[in-house]
Amino acid sequence: TELNTTDRQSMEASQLAYYPIPSTNANLSTLSTTAGAITPIFDAATTAYTASVTNATSSVTVTPNKADANATIQVQVNNGGYSTVTSGSASAALSLNVGSNTIDVKVTAQDGTTVKTYTITVMRAASANADLSALTTTAGTISPTFDAATTAYTASVTNAITSVTVTPTKSDANNDTPVNVIYSLYSTVTSGSASAALSLNVGSN
């Protein structure tokens, strides 16, 4: 017997109730981060955002909220591998390098194939600390006693000493700027390590 339109619609509705079509909604409803305000203001249709932190901030978290209850959310920083995040909860701490850091928030819809990735680019400022925490030399004791605020020192050696080294240690371990020693030309020195031998003339050097 051929079904009439009403019966057919009723049957289709009944089938949908038993076999619902998986959602393709991979949107977030909100997205926030401990990095502070994101730019632009969050909109589900916008997937690229930026934020900035000081050098003192070495990690942040993100808190995504999914628009569809059946979607799943994963987060990664700097392509380090995704980890699952519960909607409405903060992620694990995401470590930041100095400079640009890419945080990806990947939302997978219930259908398992529809994916949307929201990206927050977090800029971590470089350290402004150019101090040393220690400075020594094979020339012996420097005068005055080392202090980070003092930049001029003296030391004396006998005529038999034809070269010395210096060992500078930077105050901020996160400062990636190398320490330079000048003797005619600069050369890079690793913080906490001795420089190459610096040749001495007779008299002031």
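This is a predicted model: local features need pLDDT of at least 70, side-chain atom pairs count only at pLDDT 80 or more; totals for chains, interfaces and linings use all residues.
**The whole chain.** Begin with everything displayed in cartoon form. The protein has one helix and 15 strands. Switch to a surface view next: the accessible surface comes to about 12400 Å², and carbon and sulfur atoms account for 52% of that surface. Of the 205 residues, 27% count as buried. Contacts may be displayed as well; among those between residues at least 6 apart in sequence, 60% join residues at least 24 apart.

**The five-stranded sheet.** Now select β2, β9, β8, β5 and β6, which in that order form an open sheet with mixed pairing. Which strands lie at the edges? They are β2 (48–53) and β6 (83–85), each of which pairs on one side only. On average, neighbouring strands of this sheet are turned by 30° against each other, direction ignored. Strands of a sheet pair through backbone hydrogen bonds, either parallel or antiparallel.

**The pair β8 and β9.** Within this sheet, select residues 99–108 for β8 and residues 115–124 for β9. The two strands pair in the antiparallel sense, over 10 bridges.

Finally, select S91, found in the loop between β6 and β7 (94–95). Is this residue buried or exposed? S91 counts as buried because its relative accessibility is 10%, and the cut-off for buried is under 20%. To see its surroundings, display T61, V62 and V85, which S91 touches when residues up to four places away in sequence are not counted.

Methods: Residues are numbered from 1 along each chain as its sequence is written. Side-chain values use heavy atoms; hydrogens and water are left out. Two strands pair if DSSP finds at least two bridges between them. Helices (H or I, at least four residues) and strands (E, at least two) are DSSP runs, numbered from the N terminus. Axes are lines fitted to C-alpha atoms, for helices over the stretch in contact, and angles run from 0 to 180 degrees between N-to-C directions. Buried means under 20% relative accessible area, exposed over 50%, partly exposed in between (1.4 Å probe, protein chains only). Contact means heavy atoms within 4.5 Å. Accessible areas come from the Shrake-Rupley method with a 1.4 Å probe; for residues, only the protein chains shown count as cover.
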